[in-house]
Amino acid sequence: MSEITSLTEAVAELVHDGDAVAIEGFTHLIPFAAGHEILRQGRRDLELIRMTPDILYDQMIGMGTARKLVFSYGGNPGVGSLHRFRDAIEHDWPHPIELEEHSHAGMANRYAAGAARMPCAIMRGYVGTDLAPHTRVKPVTCPFSGEELVAVPALRPDVAIVHAQEADREGNVQLWGIPGVQKEAVLSADRALVTVERVVDELEPKPGGVVIPGWVIDAVAEAPGGSQPSYSLGITTRDNDFYRFWDKLSRDRDKFEAWMREHVLEPSRDVASR
Amino acid sequence: MTATNEQATAGEVQTVVAARRLEHARSVFIGVGRPSTAALLARMVHNPGLVLVYESGTIGAKPFHIPLSIGDGELAETADAVVSVPEMFNYWIGPGRVEVAFLGAAQVDRFGNLNSTVIGDYEHPKTRLPGAGGAPEIAACCQEVVVIAPHSPRTFVERLDFRTTVGYGDGPGDRERLGFRGRGPTAVVTDLGVLEPDAETRELKLSQIHPGVQEDQVREATAWNLEVAAALERTPPPTDEELTALRELLSR
């Protein structure tokens, strides 16, 4: 049974220095509030896992939180580059970062294997590319057909963090709209934290709704607006202007740090936590 | 105001030509930017039943506005089905259910292989690009690939810095050897013309040239020695209908 607690307490309890942390949300339901709370609590040396490191991971990488990044697409969706991500890789700023890079299909299958507690996933992919020699993928032969396939290792994060629209008072969670890889991330991890827009008496079934039972979640924390500047379908809308603003602001190290100090590290000013 | 052909910019011609490629397609896989604009234009002008598939899991999206991100709320709200990322790749992309894929890239080589990972050395890149995303499996599995890229020698290179996505590999037979199900790139649509693979050598050749563009201009914008197809065609200029629809779409 998941405990309904404050975001501050949930992060303090579930996220530790050195952990492998998967924060998921595929352009939708990105847990900005939780990521910002990790920054405020000064976690260090994290292995950050995420298919699409966008602005949230750009902020965390720029603030020096990441030891390693496991990912498949590091861009500002629809806008362009992630400048803190690039600065870390191109110039080791604020420090060098280890990369483990995959394709989306590879990452999605790795999460699914982790959720199933399988050691690996079998798929078609990677062959003929320069990615194959730079990442963790191995050839495997189908024992039935003899077809040459590849295997990717399961992802087993220490902790997964996702955002959803609603939880009930028992900590059961429902999200709807683009479901990304959130269910797989929660089930692949040892510990799971879900932030929600609101806690309700009863979850009303939604078309395409994904329900995650409370007993596979360690903590649920209410964080209204906690996916902004991404969005929670039906409750908040995507702040496209912020994604464009970030492209300009984040090019400059000093401006980036000043902005993060003012808007994220000072909790009362954090947009995502309001 | 009626749009006239003379007013079409190179970018508009590129979008219009990409949209024409979807006239008879059942489904198209698209990312944001020009591919998305072209696919929406195709639905307006050529093929109202065209199924738009976005990587975010929205199948059959019918957005009124051009989305900024592949995960904009309007895509989920208008889709026939919204699926998880594992389902998108394992049940929809992998088996080749999607007919055409529109892909972009920072570098394209003569065999239609694509780089979206790094400029320079992988370990110490000069420019770190976003990375593979879904492209390698999309290009391997969708029935055909149309590459959309701006024409310059920085993009159309002799040799990729990194092969993120396989087109025809090192030439004839490579896709078959790698076990790919899709046919591979059938066209590269640029702001100057269209390149198509030679039926035998698989090398991209100039097959179509846009209004007002000279052959030399295209060759100069290509770092390899670009050959011209025997039957080089002049792109029919955008019609009033195409141009008016495109401008209306962009103004929404």
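Author: A helix crossing is left-handed if the near helix is turned anticlockwise from the far one by less than a right angle, and right-handed if clockwise. The model is predicted: local features need pLDDT of at least 70 and side-chain atom pairs count only at pLDDT 80 or more, while totals for chains, interfaces and linings use all residues. Residues are numbered from 1 along each chain as its sequence is written, with chains lettered from A and ligands numbered from 1 in the order in which they are written.

Reader: Which hand has the crossing of α5(A) and α4(B)?

Author: α5(A) and α4(B) cross in the left-handed sense. Helices (H or I, at least four residues) and strands (E, at least two) are DSSP runs, numbered from the N terminus.

Reader: At what angle do the axes of α5(A) and α4(B) cross?

Author: Two packed helices are described by the angle between their axes and the distance between the axes. Here the axes of α5(A) and α4(B) come within 9 Å and cross at roughly 115 degrees. Axes are fitted to C-alpha atoms, for helices over the stretch in contact, with angles from 0 to 180 degrees between N-to-C directions. The angle makes α5(A) roughly perpendicular to α4(B); the classes are roughly parallel under 35 degrees, roughly antiparallel over 145, roughly perpendicular from 65 to 115 and oblique for the rest.

Reader: Which residues make the contact of α5(A) with α4(B)?

Author: From α5(A) come A:His104, A:Ala105, A:Ala108, A:Asn109 and A:Ala112, and from α4(B) come B:Val85, B:Pro86 and B:Phe89. Contact needs C-beta atoms, placed from the backbone, within 7 Å. By class, this helix contact has 6 nonpolar, 2 polar and no charged residues. Ala, Val, Leu, Ile, Met, Phe, Trp, Tyr, Cys and Pro count as nonpolar, Asp, Glu, Lys and Arg as charged, and the others, Gly among them, as polar.

Reader: How many residues of chain B are in contact with chain A?

Author: Chain B has 37 residues in contact with 44 residues of chain A. On the chain B side, the elements giving two or more residues are α3 (73–78), α4 (85–93), β9 (125–128) and α5 (135–141). That side of chain B divides into 17 nonpolar, 15 polar and 5 charged residues.

Reader: How do α1 and α2 of chain B cross?

Author: In chain B, the axes of α1 (residues 10–20) and α2 (residues 34–45) come within 8 Å and cross at roughly 60 degrees. That makes α1(B) oblique to α2(B). The crossing of α1(B) and α2(B) is right-handed. B:Gln14, B:Thr15, B:Ala18 and B:Ala19 of α1(B) meet B:Arg34, B:Thr37, B:Ala38, B:Leu41, B:Ala42 and B:Val45 of α2(B). The contact of α1(B) with α2(B) comprises 6 nonpolar, 3 polar and 1 charged residues.

Reader: In what order do the strands of the open sheet of chain A lie?

Author: Strands of a sheet pair through backbone hydrogen bonds, either parallel or antiparallel. In chain A, 3 strands form an open sheet in the order β8-β10-β9, with antiparallel pairing; a pair needs at least two DSSP bridges. The edge strands are β8 (120–123) and β9 (138–141) of chain A, each pairing on one side only. Neighbouring strands of this sheet are turned by 40 degrees against each other on average, direction ignored. Between β9(A) and β10 (residues 148–153) of chain A there are 4 bridges, and A:Pro139 has A:Val150 as its bridge partner in β10(A). Helix α5 (residues 104–115) of chain A lies across β8 and β10 of chain A, at about 135 degrees to β8(A).

Reader: What do β8(B) and β9(B) form?

Author: β8(B) and β9(B) form a hairpin with 4 residues between them. The strands run antiparallel, and 3 bridges join β8 (residues 118–120) of chain B to β9(B). B:Val118 stands opposite B:Arg128 in β9(B).

Reader: Which peptide bond at A:Pro94 is cis, and where is A:Pro94 found?

Author: Most residues other than glycine have a negative phi, and most peptide bonds are trans. The bond from A:Trp93 to A:Pro94 is cis, with omega near 0 degrees, and A:Pro94 is in the loop between α4 (83–91) and β7 (98–101) of chain A. A:Gln228 and A:Pro229 are also joined by a cis peptide bond, with omega about 10 degrees; A:Pro229 sits in the loop between β15 (219–222) and α7 (240–249) of chain A. A:Leu29, a residue other than glycine, has a positive phi near 55 degrees. A:Leu29 is in the loop between β2 (20–23) and α2 (32–40) of chain A.

Technical notes
Two residues are in contact if their C-beta atoms, placed from the backbone, lie within 7 Å.
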